Amino acid sequence: MDPIAIRLDENHGLARAGEPVRIGIPFRQGQLRDCAALALSDKTSDISHSLPVQITPLTHWPDGSVRWAMVQTSIHLQPNQRKTLHLAPQSQKEAATAACAEHAEGWLVKTTAGSILLHKQQLSWQRHGAQHPCITIPSLQDADGEPCTAVAESDWQLTNDGPVFTEASLTGHWQRADGSHLARFNCTLSICLHTGLVDMRLTTHNPKRAKHRGGLWDLGDEGSIHFQSLTVSVATGSEAPAALLADALTDSHPVTAAAITLFQDSSGGDNWQSLNHVDASGEVTTHYRGYQLEANGDLLTGDRANPLLTLADQDLHLQVAMPHFWQNFPSSLSYHNGTVSLGLFPRQPHQRSYELQGGERKTLRCLISYNNPDAQLGWAYAPLTPQLESTIYEQAQAFPWFKAQAPADALDGLLKESLDGPQNFFAKREVIDEYGWRNFGDIFADHETLYQPEGEAPLISHYNNQYDALYGFARQFARTGDSRWFQLMDELAQHVVDIDIYHTEEDRGEYNHGLFWHTDHYLPAHTATHRTFTRHNDTSSTPGQTGGGPAAEHCYTTGLYYHYLLTGHTESRQAVLDLAGWMASSHEGSGGLLEQVLALKKYDIPKLKALLKRQHPTRHRYPFTRGTGNYINALLDAHLLEQGSDWLHRAEVVIEATFHPGDRIAERNLLDVEIGWHYLILLTSLNRYLLLKGELGQYDRHYQYALACFRHYTRWMVLHEEPFLSHPEQLEFANHTWAAQDIRKAMLMYQAACFDPAHKAQYLAKAQEWMDYVASTLNDSPERHYARIQIILLQNYGPHQTSDLTLPEEALKTDQVDGLRQHPPSLSLPALIARISQRLIRGLLNFRPGREKAWLNARLDR
C-alpha cells in the first residue's frame, strides 16, 4: 500500500510536548490485513524518524481485511509548526512488550516517567515507588454532604495494553452510609507510556427510571438522584507552592501560592444568567459571571478559565488540566495543604445539590502528569486535530456518495452559514448560553424562535441530534479537513451519548436506551432540560399531544457510528448498538402476553375489520414513516459494527414487510405533506441497504426485491412530486424548512439515476430542477442560517456529486422479483388469522407472571 499522509497543524502558538494524538483511518477492501505490519514515521528534511504507534482495528470488510483502524501516537510540535506523518508498511515487525503487569496491590503500569499503580478493586491509583506517591482518589458526597463509598464490581479491566497507551477501566457504584446505592460509576484511565500522562474519564450514572408522570420529564422527578460534589483529589504530600495559569491558552504569568482556589461558576458569556440554567424550582443556578480565583489574599475574576496547575518539589513535577473546564461549569481546581482537588462537580454555595435525572449520566475528564518536567498540558484546551487528504476517504469508500475535491457549488455556498456566518453553530451557543455540564455540546434549536414576538428573549430549545447533525459534521470534516467540523461533531457526540439517551433498564421497553426527542416545537423547554415535554407548557406543538418519551421517529445512529470510527470512542459504538436494540424492542416488542394482546388490538383488529368490510388492507406490518426508516438505518449501522450477527437479516425482514414492488402508492397518501413526507427518509434508508448489499457482493433475491421497490417509488416521484411549498395550505407552519426538506427529493433522484439507468435522464433533470429550487429559495431566505435548515442540508449532502457512479450489470437486475409487480400485497383473511395466532402463541410461550406485572406497572407509573 502507498504511504498515508497524516497532517498536523499547530495554530494556537503552543509548544506540544508528547501530546497524545489519535485518528481513525479508513482502508480499501483488501488493503490491510495486519495492523502490526504498519509503521509511523516523521520525516524532517531528508531524515525519517520512526514514531511509537499503536494501531487498533475498528471495523472490517466482508473479506476480513481492516476497514477502519485507530492510529495513536504522541507528538512533539513547536508553536505554529506544521508536520506530516506517514503511515506505511514496515519490513520487520517489532515485538510488542506489555507495559502492564500484575502486582500484589493491583496493576502496575510502567512508563518513562515512573510507574502508576492501580489499586486492586479500588477507585484510586498512585505513583509507585516515589517519595511523593500522589495517591489519587475520586470522592462523591451525597445531598446531605455525607461521603459515599466507591464499591467496585470487580478489579480494573485492561481494555488496551499497547506500545503507546495502556487503558484500564473500573465499574461500580457509589454507596451511601446506610448501604443504599446512590449512583453508578465508570472510570477509564488512558496512560501514555512515553510521558506518564494519565487521562481520566469518570462517568456518573443514575440507572433508575424517571417516573415522568403524564409523559412529562421535568427536573424534580422522583427518579432523580441528588449529590453535593464529585471531586478527584491528588494527595502530593508536598509543602511547596503551586503555580496556576487561569487561561493556559493566553496567560504567561501564573499565580503562585501555597493555597489557591479557582471556581468557574458560569460560562462567562454575555448570557451567563440564561434560563437555560434553571433548577427544578425554576431558579437560575448561576451566581456570578465567569470565574473567581483566590490566592495570596487576593480575589481575581475573569470570564472563561482554561486552567493549568503546576507543582514542583524534589521528585515531583505535577501538572493538571481539565478539558472543557469552563464549558462544563460549574468546575473548580484548587490546592490546599499539599492536596490538589479537581472539582468535576464542585461543592456549590448554599449547599445546592446537583440533580442527575433518571437514566441520565455525565462523563468528565482530567489530565494528570505526575513526574514529567517537560509536560506542557496547555494543549488540553486546544488539542491537535489530525487530518487526512479527502481522497483517502473516497478511495476507501468511507462514506456513501462521497466525492473528494469536488468543485464548490450552490449547496456549499449555503453551508458557509454553518461555520462562517454571523449565526454559525458556535455563535448559536452564546444566544441561550448552551453551556454547563448538562447542555454543552448540544445545538441551540434557533429555528424554534421563528414565531416569537419581536424583541422577546429567544426561548430555550435543544436539538438532540435531530436529522443527525453528527453525521453531517463528520462528513464535512472528512471532505474539507476543517477542524471546526470535527470539534462540533466530537462535542455533540459526547453530549448525546451521556444526556440525550435514556440509560435505564427499568422503564417500559419502548423507552429504555432510547433517544429523547428535541424539545417541543416553538415552546420553551423550561425544566424539562433535554427531554421534550414539560408541565409548564399547557399544550404541545403536536395537536392532541401533551407528553411522551423516546420514540422511533427520532433515532439517528449513523453520526455516532462515524464518531466511533473517527475517534475510537467506544461509548459511541455502544450507543449505536443500544439504539439499534431499542428500535428493535420498540417495533417488535419483548413478546409478553399483555404486549401481544395490545399489539393485536392496535394493528390486527383494524385490518380484520377492514377485511370484513370487503376492503383490501396490505400485508405490510410497519408504518411507512421515518420511524421505520430510522429502524432500518439503525440495523444497518449495527451490522457494520457486528457483521457476524443477524442485524442485516433483520433489516431485510423489515424492508420486505414495509415495501412491495406492486404497492398501490396512491393509496399511501404520500402527497399529504404533513403526514406523508416521512417516506423520503424511508427511501433513503432503502438505498443505503442497496449500497451495503453491493459491498457484500450479495445481489440476491433480497437485494432485487429492495431494488424493485426503490425504482417503483422513485419513478412515481418523478411523475407526482413537487416542492412542498407549492401547496402551503397543507402545512401547519409553511416556513422555509420545507424548502430545505426538498433537498431529500433531489438527492433521491441522483441516487435513482445510478440504480435505474433506463430512466437516468428523467431523474437527473428532476434532480437539477429541485436542487436549483432549493438553492434559490434558501439563498433569498432570512431563515437559511437556522440550525434545522443547515442540518438537513448537511445530512443529505453528497449524491449530487457522484451521480456518475456506474454499477455492475448484476446490481441492476430484478429478474427474480419482476412477477411481483402485478400482484399488490393484499392481506387475506387466512393470513391475518395466522398472524394473530402467531402473536398469541408467542405471548403464551413468553408468559411469566412477574414479567407481565412489570410490563403493566411500567405503563401505570407504578
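Predicted model: local features only at pLDDT ≥ 70, side-chain atom pairs only at ≥ 80, totals over all residues.
I started with Leu793, which touches Leu411, Leu414, Leu415, Ala740, Ile743, Val774 and Leu778, leaving out residues up to four places away in sequence. For me, contact means heavy atoms within 4.5 Å.

Residues are numbered from 1 along each chain as its sequence is written, and side-chain values use heavy atoms, with hydrogens and water left out.

**Cores**

Next I asked which residues touch the most other members of the largest nonpolar core. They are Tyr393, Phe473 and Leu793, in a core of 149 residues. Helix α14 (residues 737-755) gives the most to this core, with 13 residues. Apart from this core lies another, of 76 residues, including Trp107, Ile225, Ala321 and Leu377.

I wrote down what the words mean. A nonpolar core is a set of buried Ala, Val, Leu, Ile, Met, Phe, Trp, Tyr and Cys residues joined through side-chain atoms within 4.5 Å. Buried is under 20% relative accessible area, exposed is over 50%, and partly exposed is in between (1.4 Å probe, protein chains only). Helices (H or I, at least four residues) and strands (E, at least two) are DSSP runs, numbered from the N terminus.

**Thr111**

I then looked up Thr111, which sits in strand β9 (residues 106-111). Is Thr111 buried or exposed? Thr111 is buried, because its relative accessible area is 13%. I found its side chain reaching the backbone nitrogen of Ala113 at 3.1 Å. A polar atom of that side chain also lies 2.5 Å from the backbone oxygen of Gly114. Setting aside neighbours within four places in sequence, I see Thr111 in contact with Ile191, Cys192, Leu193 and Gly196.

**Backbone spots**

Where does Thr532 lie? I found Thr532 in the loop between α5 (483-500) and α6 (558-567). Its phi is positive, about 75°, although Thr532 is not a glycine. Thr532 counts as buried, because its relative accessibility is 5%.

Arg614 also is not a glycine, yet has a positive phi of about 65°. I located Arg614 in the loop between α8 (593-612) and α9 (626-641). With 73% relative accessibility, Arg614 counts as exposed.

Last, I checked the peptide bond from Phe329 to Pro330, and it is cis, with omega near -5°. Pro330 lies in the loop between β25 (316-321) and β26 (331-336).

Terms used. Polar contact = N/O pair within 3.5 Å; in protein donor to acceptor, adjacent residues only side chain to side chain.
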